[in-house]
Amino acid sequence: MRILFLSTAAIALSGCSWLGLGNNNHQQSYNSYKKQGGQYAKQAYSAPTSSCTSGNCLSRWNVEAAVGPEFSVGGGRAITGDFTSPLANTDINTIDMDDAYSTGYRAELGGSYAVSPNRKFIGNVFYSEAEGEDNLNLGTLNGDQLTGNLSDYKSYGAELGLRQYFNPVRAPLVKSIRPYVQGRVGLTRVGGIDLENTTLAGVANPATNAAFFDSAWVGSASGTIGVETPLTRYSTIALETGLRYVQEPGGDNSVLGGGPLAGINQGGGRTTVPLMLRGRYRF
């Protein structure tokens, strides 16, 4: 799954040249876009102040911000019961990230630089957080029921990528929308995660928190699609979704190592589906 998402981001970052928008075709593409895009093209790419005789200079720099929910999906394990030792009367469950964590949120702030009317380099910083689900059924330990939960998943980092726009199309309620695809890769700092509120046979464990996942910098990648529409003369608003993958931070065995729960923390990779509302202002 990790390879799939990393490949998706790499393809989105480097595989758009087949659209005929590179090198000497920029001016021809721009002229074609103006004819097809109508009012949208005029709004989206006429510079706020222009010294060009044509009045259609390309606005290079943009400021962007985005926020929205982030849904955990299958593709990563939170509890790896299949890595634990097969002790007598001990049976630990395998639990996926989407079962261990509720829907979280993500916020981004960054910018973009237009290298052509249809292509932008993008970069951003972000923060993401999701709450751990309560009372996970962890399995049985010495024949007794074991429950608990993981502490909140918190991460932040930075990403770089490429966005490729397509020709505008007419749409209900708005004059037009402009579809796009984008891919990003980056570094993500995942905060340390603990195993919390454990109970055995209904009795709370005096050691309420046990270190579970390390705090670490890991790789991340995403591939998303979206649609954008003008909001004002110099700004647009977009809705986008896709897939995002964050690598596992590694297990913290300072407490669990050597005990009956050793190996329970060998997962940690997380796959999410963000649904982001993105605003962009061009200069």
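Strands, like helices, are taken here as DSSP runs numbered from the N terminus, with at least two residues (E) for a strand and at least four (H or I) for a helix. The model described is a predicted one, in which local features need pLDDT of at least 70, side-chain atom pairs count only at pLDDT 80 or more, and totals for chains, interfaces and linings use all residues. Residue numbers start from 1 along each chain as its sequence is written, and side-chain values rest on heavy atoms, with hydrogens and water left out.

Confidence comes first. The protein chain has a mean pLDDT (the predictor's confidence in each residue, from 0 to 100) of 83, and 79% of its residues reach 70 or more. Residues 1-55 stay under 50, and the model gives them 90 contacts (heavy atoms within 4.5 Å) beyond four places in sequence. Where pLDDT is low, the predicted coordinates should not be read in detail.

The fold can be followed strand by strand. Eight strands form a closed barrel in the order β1-β5-β6-β9-β10-β14-β15-β16, and their pairing is antiparallel. From one strand to the next, the twist averages 25°, with axes fitted as lines to C-alpha atoms (for helices, over the stretch in contact) and angles running from 0 to 180 degrees between N-to-C directions. Pairing requires at least two bridges found by DSSP between two strands. Strand β5 (residues 104-116) meets β6 (residues 119-130) over 11 antiparallel bridges; Gly 111 has Gly 123 of β6 as its bridge partner.

The structure also holds two cavities of 30 Å³ or more. A cavity is a set of points, on a 1 Å grid over the protein atoms alone, where a 1.4 Å probe fits but cannot get out, and lining residues have an atom within 4 Å of a point. Points are joined across faces, edges and corners, and the volume is the space filled by probe spheres set on them.

The largest cavity has about 70 Å³ of space. It is lined by 13 residues, of which Glu 70, Arg 106, Ser 155, Arg 244 and Val 246 are the closest to its centre. Strand β9 gives the most to this lining, with three residues, while β6, β9, β15 and β16 each supply at least two. By class, the lining has three nonpolar, five polar and five charged residues; Ala, Val, Leu, Ile, Met, Phe, Trp, Tyr, Cys and Pro count as nonpolar, Asp, Glu, Lys and Arg as charged, and the others, including Gly, as polar.

The second largest cavity has a volume of about 50 Å³. Its lining includes Gly 111 and Gly 123, the bridge partners noted above.

How values were computed: 1 Å grid on protein atoms, 1.4 Å probe; cavity = no way out; pocket = protein on both sides within 12 Å on 5 of 7 lines; lining within 4 Å.
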